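Work through the exercises below with the coordinates open. Each task is followed by a solution in steps.

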Amino acid sequence: MQGNFSPASSLVKLEHRAPIDWLLKQDARIRETLPTWANIGSGSDHLPGLAQMLGILQEAFANIGADRPQSTVTPTPAGGIFNLRCRPEASFRVLLSGHYDTVFGPDHPFRQCRWLKPDVLSGPGVVDMKG
């Protein structure tokens, strides 16, 4: 988590400032959630860790305030596919795609996060989908 972004920047259109301001107010929550999630050993072939991370994602997205949130889990040999659809009838829709595994197995030394600086976190997945 590194950067210096000002929502008052002349590059940000007025209609985009509210979501950006909201995101910037999530700093404390992100600083708490990110290391917690990244410290979960969800290596690509570590099914217990993948199952744990999948459960956390399902819980985290269970109440996102959508009209009709739906989630499905498709079991695979490498954990599961988490699919979340909200407002499929909307005229403007966004597709977000990613993965919740990391390449680090349960015995790999790079499994735990550590703060390098007050605003720099090093850990598995922190600049990827967990971040």
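**Exercise 1.** Find the backbone oxygen that the side chain of serine 42 reaches, and classify serine 42 as buried or exposed.

Solution. In this predicted model, start in the loop between α2 (27–38) and α3, where serine 42 is placed. From there, the serine 42 side chain reaches the backbone oxygen of tyrosine 100 at 3.2 Å. For the classification, take the relative accessible area of serine 42, which is 0%. Buried means under 20%, so serine 42 is buried.

**Exercise 2.** Describe the geometry of the aromatic pair.

Solution. The structure holds one such pair. Its members are phenylalanine 104 and phenylalanine 110, with 4.9 Å centre to centre and 75 degrees between the planes. Planes over 60 degrees apart count as edge-to-face, and this pair is therefore edge-to-face. Phenylalanine 110 has a relative accessible area of 30%, so this residue is partly exposed.

**Exercise 3.** Locate leucine 96 and decide whether leucine 96 is buried or exposed.

Solution. Leucine 96 lies in the loop between β2 (79–85) and β3 (114–117). Its C-alpha atom is 9.6 Å from that of leucine 84, with the two leucines 12 residues apart along the chain. The relative accessibility of leucine 96 is 77%; exposed means over 50%, so leucine 96 counts as exposed.

Definitions and conventions
Residues are numbered from 1 along each chain as its sequence is written. This is a predicted model: local features need pLDDT of at least 70, side-chain atom pairs count only at pLDDT 80 or more; totals for chains, interfaces and linings use all residues. Side-chain values use heavy atoms; hydrogens and water are left out. Helices (H or I, at least four residues) and strands (E, at least two) are DSSP runs, numbered from the N terminus. Buried means under 20% relative accessible area, exposed over 50%, partly exposed in between (1.4 Å probe, protein chains only). Rings of Phe, Tyr and Trp (its six-membered ring) pair if their centres lie within 6.5 Å; planes under 30 degrees apart count as stacked, over 60 as edge-to-face and the rest as tilted. A polar contact is a pair of N or O atoms within 3.5 Å; within protein, one must be able to donate a hydrogen and the other to accept it, and residues adjacent in sequence count only if both atoms are side-chain atoms.
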